[in-house]
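Student: I would like to go through this model with you, starting with the ligands. Could we begin with the term we shall need for them?

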Amino acid sequence: MKVDVLLGLQWGDEGKGKIVDVLTPKYDIIARFQGGPNAGHTLEFEGIKHVLHTIPSGIFRDNVINLIGNGVVIDPVIFQGELEKLKPFHIDIASRLLISKKAHLILPTHRILDAASEAAKGKNKIGSTLKGIGPTYMDKTGRNGLRVGDIFLPSFKEKYKTLVKKHKSMLQRFDFEYNLDELEKPWFDAIEKLKELQAVDSELYINDALKSGKKILAEGAQGTMLDIDFGTYPFVTSSNTVTAGTCTGLGVAPTKIGDVVGIFKAYCTRVGSGPFPTELNDETGEKIRKEGFEFGATTGRPRRCGWIDLPQLKYAIMINGVTELNMMKADVLDNFETIKVCTHYLINGEKVEYFPYDVNDLEITPVYEEIKGWNCKTTDLTSFEDAPKELKDYVQYLEQKLETPITVVSVGPDRKQTLNNKH
Ligand code: GDP
Ligand code: IMO
Ligand code: MG
């Protein structure tokens, strides 16, 4: 068996949580491979909306194991908060959720360092979610980090103190006030709770599962343009959000990767700072934000909105080896006479069809093709065959330009508002 992957092709918030939840009945294991509580994955069914940050989006389905891989970073306090929110649903967390011993821990001082670093950057700030993601991955690659497996060691408190000492000396360089004492007790309380869950050698678990014929779906967080290597650096997150991240974040060999589902919105959004060539700072952008309710699931910040960007999507499809596409939030464009698609850019008067290296510094003019909108309600559709002709045309147009089939079209946040496009 192989591991299928589902990940975002834009700047995050494409609707990964919803689709993972929809796909989960086809799988035995759902595994997160990178990121942490910077992610906010929304699921909706039976009239209830759930937002998950660290826990994989397969958690609501019976008979499925949810695994937090070694590539993930965990804030025990936020994680505990997520578990609390799941309590009313009587999910047997202890048997359904596994955590890699090699996943790194976010310390309270990582969060403080994140905030201090962002404050020091002033107008050049990344627009981080302030969850301590960057500093935690820095300690991981700097070989100073604490891992889930460490919490069971008698030396854990010592290791913690050593790292916090280092952080305190780093914080002296910033003019930043903080109160660590009030954060430490809840953190250690949450560590005790974490001990009650199953910490495993997840790479062994996954590979054994593959051998015994289990079906596994890897759930990406963030999006391709936020990848530490291939995103709009430095306005990115600190992990590999792309397919390759599955291999390092779960311990799965490249030869064991199966289908790669790339998911994107029928338009485009970004939250936080950094380049966004097709951003609309006008009424249209405002209208997309309003109709799409584009506010961050983790931070509540308004998301920046714009049209779909083909050079950007082609780049993401290439980097991830996408085998099929899912188009989300088509319904958000229900009230548009025309829809625009960026086919290429003009840079210094020249036509550019790829995503350029110096995107941060260049003056990029997106060039658009206008497409006729469907201009009618799609949220009640139950079959793609019944979709308005213009929506079908939009899907076909994108499939042709992106040279990849669009197998799912989503027309609302609910599980049920998911249309299969048969090929
Ligand atoms: P994720 O981070 O990729 O899981 O996405 P988020 O949960 O951060 O953001 C996606 C938002 O869009 C959530 O509020 C979802 O409930 C919502 N959503 C997902 N699919 C659709 C859709 O097809 N139509 C609409 N209107 N909303 C959707
Ligand atoms: P999901 O999984 C959208 C953005 C932040 C910021 C940058 C760095 O819900 O799609 P970080 O806290 O990682 O250091 O922030 O990345 N960002 C996201 N944007 N969706 C996310 O996750 C994001 N996670 C991080 O806004 O610009
Ligand atoms: Mg999100």
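Tutor: A polar contact is a pair of N or O atoms within 3.5 Å. Please keep in mind that the model is predicted.

Student: Which atoms of Lys16 lie 2.7 Å from an oxygen atom of ligand 1?

Tutor: The atom in question is a backbone N or O atom of Lys16, placed 2.7 Å from a ligand 1 oxygen. A backbone N or O atom of Glu14 also lies 3.1 Å from an oxygen atom of ligand 1. Thr42 contributes through its side chain, where an N or O atom is 2.5 Å from an oxygen atom of ligand 1.

Student: How much of the accessible area of ligand 1 does the protein cover?

Tutor: The protein covers 93% of the 580 Å² that ligand 1 has on its own.

Student: And which residues come nearest to ligand 1?

Tutor: There are 19 residues around ligand 1, and those that come nearest are Gly15, Lys16, Thr42, Asp331 and Ser410.

Student: Now ligand 2. How many residues surround it, and which are the closest?

Tutor: Ligand 2 is surrounded by 21 residues, of which Asp13, Lys16, His41, Thr129 and Thr237 are the closest. By class, this shell has 8 nonpolar, 10 polar and 3 charged residues.

Student: What polar atoms does ligand 2 have around its oxygen atoms?

Tutor: A polar backbone atom of Asp13 is 2.8 Å from an oxygen atom of ligand 2. A polar backbone atom of Ile126 is 3.4 Å from an oxygen atom of ligand 2. On its own, ligand 2 has 550 Å² of accessible area, and the protein covers 97% of this.

Student: What is the lining like by class?

Tutor: The lining of the second largest pocket has 11 charged, 9 polar and 8 nonpolar residues.

Student: A change of topic: helix 2. What caps its N-terminal end?

Tutor: Asp75 does, with a side-chain oxygen that lies 2.9 Å from the backbone nitrogen of Val77.

Student: Which residues of helix 2 are buried?

Tutor: Helix 2 spans residues 76-86, and its buried residues are Pro76, Ile78, Phe79, Gln80, Glu82, Leu83 and Leu86.

Student: What about Arg304: buried or exposed?

Tutor: Arg304 counts as buried because its relative accessibility is 19%, and buried means under 20%. Arg304 lies in strand 13 (residues 304-306), and its side chain reaches the backbone oxygen of Gly274 at 2.8 Å.

Student: Now the backbone. Which peptide bond is cis, with omega near 5°?

Tutor: The bond from Tyr233 to Pro234 is cis. Pro234 belongs to the loop between strand 10 (216-219) and helix 9 (243-250).

Student: What can you say about phi for Asn63?

Tutor: Asn63 is not a glycine, yet its phi is positive, at about 60°. Asn63 sits in the loop between strand 4 and strand 5 (65-68), and this residue is exposed, with a relative accessible area of 74%.

Student: And Phe293, where is it found?

Tutor: Phe293 is in the loop between helix 10 (283-291) and strand 13. Phi of Phe293 is near 45°, a positive value in a residue other than glycine. Phe293 is exposed, as its relative accessible area is 56%.

Note on methods: Residues are numbered from 1 along each chain as its sequence is written. Chains are lettered from A and ligands numbered from 1 in the order in which they are written. This is a predicted model: local features need pLDDT of at least 70, side-chain atom pairs count only at pLDDT 80 or more; totals for chains, interfaces and linings use all residues. Side-chain values use heavy atoms; hydrogens and water are left out. A residue is near a molecule or strand if one of its heavy atoms lies within 4 Å of it. A polar contact is a pair of N or O atoms within 3.5 Å; within protein, one must be able to donate a hydrogen and the other to accept it, and residues adjacent in sequence count only if both atoms are side-chain atoms. Accessible areas come from the Shrake-Rupley method with a 1.4 Å probe; for residues, only the protein chains shown count as cover. Ala, Val, Leu, Ile, Met, Phe, Trp, Tyr, Cys and Pro count as nonpolar, Asp, Glu, Lys and Arg as charged, and the others, Gly among them, as polar. Buried means under 20% relative accessible area, exposed over 50%, partly exposed in between (1.4 Å probe, protein chains only). Helices (H or I, at least four residues) and strands (E, at least two) are DSSP runs, numbered from the N terminus.
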